[in-house]
Structures are given as C-alpha cells and as structure tokens.
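The sequence and the model come first.

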Amino acid sequence: MDLADLSSKYKVRRLVTSDTEEILKLSLSNPIFYKYCPPVITRPVIRHDMTVVPPHKTTDDKYYVGFFDGDKLIAMLDLIVKYPDEITAWVGLFMVDSQYQGKGIGTEIFNDIMSALKKSGLKQIELAYAKGNKQSKHFWVKNGFFETGNEAQEPGYTAIVMGRLL
C-alpha cells in the first residue's frame, strides 16, 4: 500500500523512534482515551507499539504512521493489513490531536484510509474500543462501524469489537 494514498490532504509517513516526543504529546492530549484504556502512555510503550505485531504477522504488514499538517503531527494510525484474515485490516489505534477534534478532520482522514484499503484489495476493517468510552464509540458509529458482538478482555478493561465493509 502506498502511504500517500492514506490522505488526500496531509503528509503521511511512518513514525520512527525519533518521533516519540511528538507521539507522546498527541497521546497525552487525549486523557479520555487513557481513562478507559489503561495504562497511560509512556515512551517505552510507544517504542514497543511501533514494532509489535500479532502472531503470524510481520512488520511488513504493519503501518504505524503519522498524519502531518506541515511539521505538526495531528493524527496517528496503527494498522495491520490482512489481519485477522486475508480480506480484513485491523486498526490497533487511530488518534487525532485534541486540538484538531470536532472539526471533521478525523472523519476526513479515516475516509481516505478506508479508500486506500479498498484500493489495495481489502474488503473490511475491524477495530476495538474500550467499553464505556462514549467518545470513541460515537466516532466509530458516526463513521459507519457497528458492534460485531465480540468482546475481548484486555488488562484493565473490556474491548468491544467493531467492523464495517469497505
């Protein structure tokens, strides 16, 4: 997948360890997320998240990318393609800097992401949000996602799985 296809408006590139401080700043601008999805983000957790992949996947399938308005990181995405099956993409994280929320920017970016995934041949997209996080649930429902009926117990919270066709 071509990273340029992930946004029609913003510069997109893979995030690397030298981006840790910007990732931390964006993450900490979203305290509601960490209220429901502990623990609070740290530099070591960020560096781990950059490379961790599910069983039977490689970093070639992982897109840990940032969306930049000029030099400012305004959103980030952790995506695994062809997971949990060959026609699905899994969103591990999509987060928008709080200063950019409520303006339609997250929806605009995510629509471009879904178009890029469809163009690459994928058929559906799945993700999970922390049970009780109404802000996350509202965003995903607004963007056409539905609860699949599946839940997963994570350390400190219950994750609700959502999906949608591309």
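## Strand pairing around β2

In β3, the residue that bridges to Phe68 is Leu73, where a strand is a DSSP run of E of at least two residues, a helix is a run of H or I of at least four, and both are numbered from the N terminus. This is a predicted model, in which local features need pLDDT of at least 70 and side-chain atom pairs count only at pLDDT 80 or more, whereas totals for chains, interfaces and linings use all residues. Residues are numbered from 1 along each chain as its sequence is written, and side-chain values use heavy atoms, with hydrogens and water left out.

Strands β2 and β3 pair in the antiparallel sense over eight bridges, pairing being assigned if DSSP finds at least two bridges between two strands. The two strands form a hairpin with two residues between them, and Gly70 in the turn has a positive phi of about 65°. Strand β1 (residues 11-14) also runs antiparallel to β2, joined to it by four bridges, and Arg14 stands opposite Val65 in β2.

## Burial of β2 and Gly66

Seven of the eight residues of β2 are buried, so the strand is largely enclosed by the rest of the structure; buried means under 20% relative accessible area, exposed over 50% and partly exposed in between, with a 1.4 Å probe and protein chains only. Gly66, which is placed in β2, counts as buried at 0% relative accessibility.

The C-alpha atoms of Gly66 and Met76 are separated by 4.4 Å, although the two residues are ten apart along the chain. Leaving aside neighbours within four places in sequence, Gly66 is in contact (heavy atoms within 4.5 Å) with residues including Lys11, Arg13, Leu73 and Met76.

## The buried face of α1

In helix α1 (residues 20-28), the buried residues are Thr20, Ile23, Leu24, Leu26 and Ser27. Seen down the helix axis, these residues fall within an arc of 165°, so they line one face of α1; the arc is that of the directions from the axis to the C-beta atoms. What covers them includes α2 (31-36), α3 (43-49), β2 (62-69), β3 (72-81) and β4 (88-96).

## Nonpolar cores

A nonpolar core is a set of buried Ala, Val, Leu, Ile, Met, Phe, Trp, Tyr and Cys residues joined through side-chain atoms within 4.5 Å. The largest has 33 residues, of which Phe67, Leu77, Phe94, Ile109, Phe110 and Ile113 touch the most other members. Its largest share, seven residues, comes from α4. Apart from this core lies another, of 14 residues, among them Leu15, Ile23, Ile41 and Ile46.
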